[in-house]
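The following note sets out numbered points on the model shown below. Please read each point alongside the sequence and the coordinates.

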Amino acid sequence: MNQLYVMLLIALFFAACATSEQPNIEYGKAIQRDKKLSRIEKDDKVFIEIIRDQQERVAEIRQYSEYLEKPQVTTYRYNKDNQLIERNYWEDYIDYYTYKNGRLTEMSIENKNHPEWKRRFVYHYDDKNRISKADIYKIKTKTGFILFEYDENNNTTTRKEYALEYPESVFAEYKFSYTDGL
């Protein structure tokens, strides 16, 4: 389950909103800096290794564990506009990202071993070009939705998931905080 949260955080990293210093939000693009994280060690052993492609984009992440013989590998593919279009993880799952006019419009998830298990997220935008809502589908049936909240710098602060069965109750909530200066 811990790996699920790591993968979710990585996915959110790629879909995170830009700050107010950037007038046009471009979903799926990771902000590039001079220094790039290449590995994380835990107890003096490699825990996460980040491999980049020729354009310096994250191409592969390897997560090592003392309990597994080989690392968990996540691979990433991008389109010509440098937007994430595919993420493969846990050997079984593939996320596909679809864009229209530079905006992330849809994400779908497949499980190679269970083709009947499919999830799809359809994104809606507010008047400030931020994702405000995502409708959740299981195959073709709408099962829930996600609402997003932002701070004055256009940073995502809250992501609340709801099931259609219980639309008044939050199924899951994620809160984000930011540091100054990056």
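1. Two strands pair if DSSP finds at least two bridges between them. Helices (H or I, at least four residues) and strands (E, at least two) are DSSP runs, numbered from the N terminus. With these terms, glutamine 63 stands opposite glutamine 72 in S4.

2. The model is predicted: local features need pLDDT of at least 70 and side-chain atom pairs count only at pLDDT 80 or more, while totals for chains, interfaces and linings use all residues. Residues are numbered from 1 along each chain as its sequence is written, and side-chain values use heavy atoms, with hydrogens and water left out.

3. An open sheet is formed by 12 strands in the order S1-S2-S3-S4-S5-S6-S7-S8-S9-S10-S11-S12, with antiparallel pairing. Strand S1 (39–42) and strand S12 (170–175) are the edge strands, each pairing on one side only. From one strand to the next, the twist averages 15 degrees; axes are lines fitted to C-alpha atoms (for helices over the stretch in contact), and angles run from 0 to 180 degrees between N-to-C directions.

4. Strand S2 (residues 45–52) is joined to strand S3 (residues 58–63) by 5 bridges, and the two run antiparallel. Here arginine 52 faces valine 58 in S3. S3 is in turn joined to strand S4 (residues 72–78) by 4 bridges, again antiparallel.

5. Between S4 and strand S5 (residues 84–89) there are 4 bridges in the antiparallel sense. Tyrosine 76 has arginine 87 in S5 as its bridge partner. The hairpin of S4 and S5 has 5 residues between the strands, and asparagine 82 there takes a positive phi near 70 degrees.

6. Beyond its neighbours within four places in sequence, glutamate 41 contacts Val46 and Phe47, contact meaning heavy atoms within 4.5 Å. The side chains of glutamate 41 and arginine 39 are joined by a polar contact of 3.3 Å (a pair of N or O atoms within 3.5 Å; within protein, one must be able to donate a hydrogen and the other to accept it, and residues adjacent in sequence count only if both atoms are side-chain atoms).

7. Tyrosine 123 belongs to strand S8 (residues 118–125). Tyrosine 123 counts as buried because its relative accessibility is 15%. Neighbours within four places aside, its contacts include Leu104, Thr105, Met107 and Ile131. The C-alpha atoms of tyrosine 123 and threonine 105 are separated by 5.1 Å, although the residues are 18 apart along the chain.

Definitions and conventions
Buried means under 20% relative accessible area, exposed over 50%, partly exposed in between (1.4 Å probe, protein chains only).
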